[in-house]
Amino acid sequence: MDSSMSPSSSSGSSSRPCPEAMMERLKSQLEVAYAEEFLQNVEKKCYLKCITKPGTSMSGSDSSCISRCVDRYIEATGIVSRALFRNPH
């Protein structure tokens, strides 16, 4: 028996998952998509800004630049996220 056919859901609506479970699944999928997009953006922006001469190794200045760039990007994203998703309470 799969989870959608559990004995506790035999009230006639067993073919539909509960809205709360659907929202949690959607939230998880959005979190993964957001994390992937975030990493792609950081990679693109910081790599293009900091790695001026690609080679087999990074210089100290390239490494420092990437570290600062990622830190700034994380900070900026946090500020924007808090402003957009602030609870109205």
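**Notebook: a look through a predicted model**

I began with L30, which counts as exposed at 54% relative accessibility, because the cut-off for exposed is over 50%. I placed L30 in helix 1.

The average pLDDT of the chain is 81, and 80% of the residues reach at least 70. I will be careful with residues 1-13, where the pLDDT is below 50. That stretch has six contacts in the model beyond near neighbours in sequence.

On to the inside. Which residues make up the largest nonpolar core? I found seven: F38, V42, C46, C50, C65, C69 and Y73. Helix 1 (19-50) and helix 2 (60-84) each supply at least two residues of this core. Helix 1 gives the most, with four residues. I jotted down the general rule beside this entry: in soluble globular proteins, nonpolar side chains tend to be buried together.

Setting aside neighbours within four places in sequence, I listed its contacts as Y47, V70 and Y73.

My last stop was D71, in helix 2. Is D71 buried, exposed or partly exposed? I noted a relative accessible area of 48%, so D71 is partly exposed. I also checked D71 against V42: the two are 29 residues apart along the chain, and their C-alpha atoms are separated by 9.8 Å.

Technical notes:
Residues numbered from 1 in each chain as written. Heavy atoms only, no water. Core = buried A, V, L, I, M, F, W, Y, C linked by side-chain atoms within 4.5 Å. Buried < 20%, exposed > 50% of the residue type's maximum accessible area, 1.4 Å probe, protein only. Contact = heavy atoms within 4.5 Å. pLDDT = per-residue confidence, 0-100.
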